[in-house]
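Look at the structure below and keep the sequence at hand. The text then goes through it step by step.

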Amino acid sequence: MAESLSEGSSLGHDYQVEEVASGFGTPWGLAFISDTEMIITERGGQLWLLDTGSDERSEINGLPDDIVTRGQGGLLDVQTSPEFAADRTLYITYSKSIGDEAATTLARAVLSEDNQRLTDWEDLLVTDSASSAGQHFGSRVTFDDEGYVYFGVGDRGDRNNGQDFSNHASSIMRLHMDGQVPDDNPFVDNPDIPDEIWSLGHRNPQGLTYDSERDILWEIEHGPRGGDEINVIEPGANYGWPIVSHGREYWGPVNVGEAESLPGYVDPVKVYVPSIAPGSLWVYRGEAFPEWQGHLFAGALVLTHLNHIAVDAQGTIGDEDRLLEDLGERIRAVTEDHRGYLYLSTDSGRILRVSPPAP
């Protein structure tokens with residue numbers, strides 16, 4: 001039975017928090033494959049199946065042997081194909097060994113009928129972002145309603161990548177589900193920019209989610225010492241890192257970049273100063289909390305809470321609330337089940353559930 005941890009209220013609803021499971025090592029990605037069965041990635045290079053009703057778990061075999069666990073890299077996000085019931089395909093991002101370096105990579109594989117093994121592993125895009133650095137790999141995965149998959153890559157710890165468009169670093173990519181490049185990607189006719197790129201100038205996108213009701217691709221990324229951003233992603237747009245930033249240098253009280261806003265660069269729709277260090281982003285569409293529908297939820301790492309952002313029907317950002325601060329947990333991933341209960345992972349290895357209080 002899940003252990004109750006706390007209760008609270010946020011923007012129109014009371015809620016309770018329960019521990020569903022514990023003992024994982026940095027559970028980075030979460031994806032439901034049935035009403036109760038959840039796939040969990042561990043950054044250290046393990047893939048798990050967890051029954052959220054019974055806490056039964058088993059390791060899934062079939063991962064490649066070239067996953068590099070270095071700094072912030074390793075086995076990263078997992079999402080089910082929009083046609084998972086028919087194709088049983090998982091989309092996975094990870095840091096792939098490239099000699100002595102590592103590159104953020106989007107892959108897909110088929111989950112066996114008994115949920116015990118991956119088959120038909122296929123790297124869809126090994127990004128041109130290889131580096132020996134251990135920072136800023138990205139990399140969440142999301143899908144729109146037109147058959148495209150999106151994922152992001154950070155600047156790999158080199159801020160010059162922010163405005164160096166010759167590689168995939170500091171970018172969000174858009175691909176067909178089989179990894180092919182769409183003909184209408186914004187830079188397919190530009191020989192100086194990789195065809196896969198959808199948007200530019202991102203420091204480290206740690207949350208990416210498609211809002212089908214509003215047709216918005218939302219993104220959240222880390223800023224330096226302040227300046228975490230929520231962005232609405234548009235094709236071909238430049239989000240400015242490191243020329244435009246609300247952050248400050250780590251070595252002193254000096255602003256990063258030239259300004260907080262400049263012509264030619266897209267401004268964020270929300271900025272966090274001080275930084276919360278976002279780990280994820282999710283648009284809520286469940287039935288359990290009707291007043292939360294269309295709201296955004298982001299896991300906060302440094303400020304250890306679940307960030308709740310109200311969004312109106314037009315996509316305008318509203319009030320913000322900070323949940324679960326009393327737990328002191330670095331919240332990494334956020335997802336929801338068929339009832340609209342929220343599920344969170346923490347860097348301490350716990351899986352938590354946010355649900356309506358028991359009557």
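The model shown here is predicted. Start with the sheet. In general, the strands of a sheet pair through backbone hydrogen bonds, and the pairing can be parallel or antiparallel. Here, four strands form an open sheet in the order S3-S4-S5-S6, and their pairing is antiparallel. Strands S3 and S6 (57-59) are the edge strands, as each of them pairs on one side only. From one strand to the next, the twist averages 25°.

Inside this sheet, follow the pairing of strand S4, residues 37-42, with strand S5, residues 46-51. These two strands are antiparallel and are joined over six bridges.

Next, go to the loop between S5 and S6, where Thr 52 is found. Is Thr 52 buried or exposed? Its relative accessible area is 8%, and residues under 20% count as buried, so Thr 52 is buried. The side chain of Thr 52 reaches the backbone oxygen of Thr 36 at 2.9 Å.

Asn 238 sits in the loop that runs between strand S17 (228-232) and strand S18 (270-272). Asn 238 has a relative accessible area of 12% and is therefore buried by the 20% cut-off. A polar atom of the Asn 238 side chain lies 2.9 Å from the backbone nitrogen of Gly 240.

Now turn to the empty space. Rolling a probe the size of a water molecule over the atoms shows where such space is left. The largest pocket has a volume of about 730 Å³. Which residues are closest to its centre? They are Gln 79, Thr 142, Phe 143, Thr 209 and Trp 282, out of 29 residues that line this pocket. Sorted by class, the lining of the largest pocket has 14 nonpolar, eight polar and seven charged residues.

The second largest pocket holds about 340 Å³ of space. Its lining is made of 21 residues, and those nearest its centre are Gln 72, His 222, Ala 277, Leu 301 and Val 302. By class, the lining of the second largest pocket has six nonpolar, nine polar and six charged residues.

Conventions: Residues are numbered from 1 along each chain as its sequence is written. This is a predicted model: local features need pLDDT of at least 70, side-chain atom pairs count only at pLDDT 80 or more; totals for chains, interfaces and linings use all residues. Side-chain values use heavy atoms; hydrogens and water are left out. On a 1 Å grid over the protein atoms alone, a cavity is a set of points where a 1.4 Å probe fits but cannot get out, and a pocket is an open set with protein on both sides within 12 Å along at least five of seven lines; lining residues have an atom within 4 Å of a point. Grid points are joined across faces, edges and corners, and a volume is the space filled by probe spheres set on the points. Ala, Val, Leu, Ile, Met, Phe, Trp, Tyr, Cys and Pro count as nonpolar, Asp, Glu, Lys and Arg as charged, and the others, Gly among them, as polar. Two strands pair if DSSP finds at least two bridges between them. Axes are lines fitted to C-alpha atoms, for helices over the stretch in contact, and angles run from 0 to 180 degrees between N-to-C directions. Buried means under 20% relative accessible area, exposed over 50%, partly exposed in between (1.4 Å probe, protein chains only). A polar contact is a pair of N or O atoms within 3.5 Å; within protein, one must be able to donate a hydrogen and the other to accept it, and residues adjacent in sequence count only if both atoms are side-chain atoms.
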